[in-house]
Structures are given as C-alpha cells and as structure tokens.
Amino acid sequence: METTIEQIQNFKGKYPKQLWYLFFSEMWERFSFYGMRGMLAVFMVSQLNMSETTANLQYGATQAWVYAFTFIGGLFADKILGLRRSLFWGGILMIIGSVILAISPKELFFTGIGFTIVGTGFFKPNISSMVGQLYRDNDPRRDAGFSLFYAGVNLGALIGGYICIAVANGSMWSSFVAENLRWNYAFGFASIVMIISLLTFTQTQKSLGEIGLSPLTHLEVSKRKGLEVGTYIASLIFIPIIIKMVANTTYTDYFMMIIGPLSVVYLFYEMKNFSKAENLKLVAALIFIVFSIFFWAFFEQSGGSLSLFAANNLQNTVLGIELDPNGVNNSANSLFVIVFAALVGMLWIWMAKKKIEPNTVVKFGLGFLFLAGGFWVFYYTKFFASPDGKTSLDLFTLGWFVITFGELCLSPIGMSAMTKLSPQKTQAVIMGMWFLASAYGQYFAGLLGAGIAEASKNSTNLQKLNTYADGYQQLALYALIAGVVLIVISPLVRKLMQDVK
C-alpha cells in the first residue's frame, strides 16, 4: 500500500525516514557538482591557457547558468514533469555531461559543461522542494530537517571538492593515475558518483507517497506524455544554445539583464491569484532573495578568485599536515558545515524553547557579519606572506571557519523560509527564484573576481597576493554594511512574514 502524505508528515522523532534517502541522493549529486566546480577556474587557466581575468568571467558565467537554469527547471517541474521525473531527467543529463568531460576535457569542455548546466537545472531545485513537503506547515522541526539535509549537501561537497582537484593537481593518487590522464580521471569521478545518486533516488522513491508526482494527472495520458516528451526535446535543443552562451560571456551579460526582471514580473503575475496575506509573505521572500544575491557574490569567490589565489599564493600545510591548497579551498567550508550544522540547528531549537531565538531576518544579518569577518581574515593573510608571495594556509582555513557560520545562519534557513513563505502552488517557482538569486551571485562573483585578477595582471606573485588581499578587504566592508542594514530593517520584514517564524 502506498504511503500517504499524512503518514509521512506524522513521523515520530526529529527526522522523517524519507529525509535520509533524499540526503544520500543529494550528497552524491553534490560530490559530482562541487568536484567539477572546484576544478573549473584552475582547468581553464592551466589547461585551456585562459588569462585569470577571462577564467573568472567564464567561471561566473558557467555557474550563473547552472543556477539560472534551476529557475527554468523548477518551472517545468511545477507545471509539467513533476518533481520526480524532472530530477531523473536532470540526473541523466548530468551523467552525460561528466562522461563527455572525462573522455575529452580539453576538446569538449563547453559541450560537457552545457549538458551539466541543463541537467543541474532539472535536478537541483526539485529535491529541496521534496524535503519541504515532508513537513506540515509550521512544523518546528522543519529548520532542523533542512539543516541535516544541508549537511548532506556539504558531505558531498567535502569529498568531491577535495578529491577531484587533488587528483587533477597530482597531489593525490599520483602513483596510479598517469600524469596525462589526471584531468580525465578527476572528471570521471564526477560521472560515477552521479550514477550512484540517481540509483539511490530511483530505488527509494516509493517511500515518498504522492510527493513529487506529475501535476498533470487530470489530463488524459496521451496529452500528458506529449507535454513531457516536448519538455525533454526542448531541453535538449537548449543545450547547444547554453554552450554558445557560456563560451561567449557577452551573451551571458545580456541574459542576466533580462531573466531577473522577467522572473519578478512572472511572480507578480502569479500574485494576482493569491490573497493579500499570501502576497505580503511573497514580498518578504523577495527581500531575502535580493540580499542573498549579495551574500553569494562574495561567498562564491571560492570557485573563482579564491581558487586562483589558492593555486598561486598558499602554502600546502594545515596544522603541519601536507594538503592540496585548492582542495582545502574547495572543502574546508563543507567540513566545518558538517561539524557544526547539527550543533547550530540544535542551538536554534534550544533558543526557540527559551523564547530567545533570533528571527529569520536577524539570522540573515548575522550571516553577513560572519561573512565580513571571514573576508577580513583572507585580507589579513597578506601580513604573513613570504618573499615568493606564498602565505599561511592555516590562516586561510580560519577564514573559511568564520564564513561557515555565516552560511549556516543564511543558507539552510533561507531554503526553509522560501518553502514557508510561498503558497504550495508557486513553491517550485519561489525555490527557482532562490536559486536564480544564486545565479546572480555567481555572475557578480565572476565580475568581482575578474576585477581583482585584472588589477593584479603582470605582477610578481607577492604583488598579486597583496592585490587579491586588498580586494577581499573591500568585500569584507560591503558585507558588514549589508549585515547591519538587514538587522536594522528586521522589524519591518517580520511584519510582512506574519505568522511565519
């Protein structure tokens, strides 16, 4: 007998069992995604001979498309495919993309990236929406559930983020991976774990009851199948367009000027179907979305400018242990999230019981203050540089430690807030807009990183370190201002949120 939604939401204890299945599926998908993401900037500079400025812009464009497509993927899932079919189709495309990159990374780089981008768009927003549906509205356990799910995301990011780049750089398993095949192997790992992710989902989806099934069950089967097949074909047609747009970042500039305003217009169009109370909540969601753009623009230096900073300017030991500096840059944050996510989740629950939990808006503000602190530490690494422009990986890791608490204040809470503030009918769209905000963050991250790289052109390694560090000082200041503004306007946003905690 199929599990009903009531049975799922009536679970005893802290977490529903279905959360664990989604946790593992997402974990392997994030291994694949973050493993590839952590390699992009270094690959483009060292293997495709791009300048650091171009690599930053290219990285920003690639990641912007990944997240922008989650909006489109969320839309198709909502209206045609349903969350499950969308997720499965996305997984297949991601596997194809990473296999292409494993076979021929240099010659077919943009082709592999094109498949991966469209695939991630169909996969990513929908698994988060399914997590939201495991809970009743106003279930106080929801935040803890999203925090656990977020730890799964980071477990995948930790393993993939370190292994892939360390193998590519030759600082891991170099004895049995031939030098000329290092990048092929690194991209190959991403394809293998993506297959594991998809199998995990398909083998456990029966336990999800009616969550994520087709929204078109009222249509006759032939019409429904026609719409689904049409969606698959349209997404395949879109891949060469994406390849062209990513390869030429000017096209991405035009796209980013259009997609954001369009999505807001679409949301306002949808809002005419909702009550005033529901619309005020959607306005609150929009405020969170706008601020998250700024957060990710700074945070996502990790895959762009910080990746190149790690390659050029960091020593290779943490607490005396020899480690790949790029691997540390890709995975330190994830390690800290895993260690502290559950503790922070438990802290919120404890504070809620004592009636002293800061509201979601203040948590967002705190996120920016921690972000500012972390970038201040990155700036401070310049005072520990040797004459050859190499500085302390220990101090750099401390910067990520501080930033992690900012992320824990903002990201899992943000995802949870999106599912609480949006009416059921527009949930995947709002989730898509949340990821679209990340797309803008990634896009601006590329522009900011390119600006820093451009300023350090034709410099010695020590001059380059100083230029990058000064750029991070600027970002620390902007993050501090954003955090203060959020905390000041928190009473107003709380009014818009009404009964949502």
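A crossing of two helices is right-handed if the near helix is turned clockwise from the far one by less than a right angle. That is how H2 and H5 cross in this predicted model. Helix H2 covers residues 17–46 and helix H5 covers residues 142–169. Their axes come within 6 Å. The crossing angle is roughly 35 degrees. The contact of H2 with H5 involves 20 nonpolar residues, 8 polar ones and 2 charged ones.

Now turn to a second pair. Helix H4 spans residues 109–133, and helix H7 spans residues 221–247. Here the axes come within 8 Å and cross at roughly 130 degrees. H4 is therefore oblique to H7. The crossing of H4 and H7 is right-handed. On the H4 side, the contact uses Phe 110, Thr 111, Ile 113, Gly 114, Phe 115, Ile 117, Val 118 and Phe 122. H7 meets them with Thr 231, Ser 235, Ile 239, Ile 242, Ile 243, Val 246 and Ala 247. By class, this contact holds 11 nonpolar residues, 4 polar ones and no charged ones.

Next comes the core. The largest nonpolar core contains 161 residues. Leu 22, Met 39, Phe 368, Leu 371, Phe 375, Trp 400 and Tyr 472 have the most contacts inside it. Helix H3, residues 52–103, gives the most to this core, with 22 residues.

Take Tyr 472 as a way in. Which residues does Tyr 472 contact, leaving aside its neighbours within four places in sequence? Ser 305, Leu 306 and Phe 309 are among them. Phe 375, Phe 378 and Tyr 379 are also in contact with Tyr 472, as is Ile 452.

Definitions and conventions:
Residues numbered from 1 in each chain as written. Predicted model: local features only at pLDDT ≥ 70, side-chain atom pairs only at ≥ 80, totals over all residues. Heavy atoms only, no water. Axes fitted to C-alpha atoms, helices over the stretch in contact; angles between N-to-C directions. Helix = DSSP H or I, 4+ residues; strand = E, 2+ residues; numbered from the N terminus. Parallel < 35°, antiparallel > 145°, perpendicular 65-115°, else oblique. Contact = heavy atoms within 4.5 Å. Nonpolar A, V, L, I, M, F, W, Y, C, P; charged D, E, K, R; others polar. Core = buried A, V, L, I, M, F, W, Y, C linked by side-chain atoms within 4.5 Å. Buried < 20%, exposed > 50% of the residue type's maximum accessible area, 1.4 Å probe, protein only.
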